[in-house]
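Keep the sequence and the 3D view open as you go.

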Amino acid sequence: MNTSEGRAGGASGKPDRQAAWLGGDLREGYAEVGDVRLHYVEAGEGPLIVLLHGFPEFWYGWRKQIAPLAAAGFRVVAPDLRGYNLSSRPTEVDAYDTDRLTADLGGLIRERGAEQALLAGHDWGGTVAWATAMSHPEVVDRVAVLNAAHPRKLSQGLHHPGQLRKSWYFFMFALPDLPETIVHANNWHFFRHFLQDANPAYTAEEIDRYVQAWSQPGAATGMINYYRSSVRTPPKKAEAAIRPIKAPTLVIWGDKDRYLGQELAEPEAEDVPGLDRVERLPDASHWVHHDEAEQVTRLLADFFAPARRT
């Protein structure tokens, strides 16, 4: 089921026209997928690209890629992941299990009328892209991952003190209740701090839109529950879920990421036999699609171009 553009009553019950923030020919709607309702914006016609945002962003994190990719001949869908912004925001930690997240993506692809999609994911969206390419290869044509370590590499990294220091917030977020109090304090200072190393800096208007998304009822808990669920996943279960990714794969990595070490960019060859390459952008931060927007858009358009010829 899909609602038409501009339908009132997002997950907050209020009228939503966020696509108007970008202007142009963007469509906006909601997809009923399993037990959740996913808000998305959409533009263009052609092979389907699904853009998956990370933490603490929402669909708007891809604002610099949506229109250019549509102009390049693709149909671009940028959803809010469950727990974020105008999508459903379950309160239970187990609602954010990886199996639920990958099922959401597979369901969204089918709901939008496609059998397969080209995936691009950043941060947590990249984690969902990795997991979907492993567990649901039938819905993945090609996959591009931006500053999100392959699960095996991240697990290995978390055994080293340097990466543990960078990832300290993983474990703080695992606590009950306290993280919500912290992130709400001082007008979302904690979340705004995550974005501070972007270059160029986010504008006041952009930050205001992030604050609006974070302020949706239950959104803070939904966002934090990704970390709670991850930390609670038994290592044997996480290891068993790793399967070779044969789909053509591109990794784009901002080397000035202060959350993930540069060594995490390169997946193991046996885990990603379909790896095209790792494209490093030496001056980009974790927010690589913001810092180097034109270059990232060009890399994605070129990598996904074969889908336009099939």
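Apart from neighbours within four places in sequence, Phe173 is in contact (heavy atoms within 4.5 Å) with Phe55, Pro179, Val183, Phe190, Phe191, Ile224, Tyr227 and Arg228. This is a predicted model, where local features need pLDDT of at least 70, side-chain atom pairs count only at pLDDT 80 or more, and totals for chains, interfaces and linings use all residues. Residues are numbered from 1 along each chain as its sequence is written, and side-chain values use heavy atoms, with hydrogens and water left out.

**Core**
- Phe173 and Ile66 have the most contacts inside the largest nonpolar core, which has 99 residues. Such a core is a set of buried Ala, Val, Leu, Ile, Met, Phe, Trp, Tyr and Cys residues joined through side-chain atoms within 4.5 Å.

**Helix packing**
- Helices (DSSP runs of H or I, at least four residues) H7 (residues 178-194) and H8 (residues 204-214) pack at about 105°, their axes 11 Å apart. That makes H7 roughly perpendicular (65 to 115 degrees) to H8.
- From H7, Asn187, Trp188, Phe191 and Arg192 meet Ile207, Val211 and Trp214 of H8.

**Cis peptide bonds**
- Phe55 and Pro56 are joined by a cis peptide bond, with omega about -5°.
- The bond from Asn199 to Pro200 is cis too, with omega near 10°; Pro200 sits in the loop between H7 and H8.

Conventions:
Axes fitted to C-alpha atoms, helices over the stretch in contact; angles between N-to-C directions. Helix = DSSP H or I, 4+ residues; strand = E, 2+ residues; numbered from the N terminus. Parallel < 35°, antiparallel > 145°, perpendicular 65-115°, else oblique. Buried < 20%, exposed > 50% of the residue type's maximum accessible area, 1.4 Å probe, protein only.
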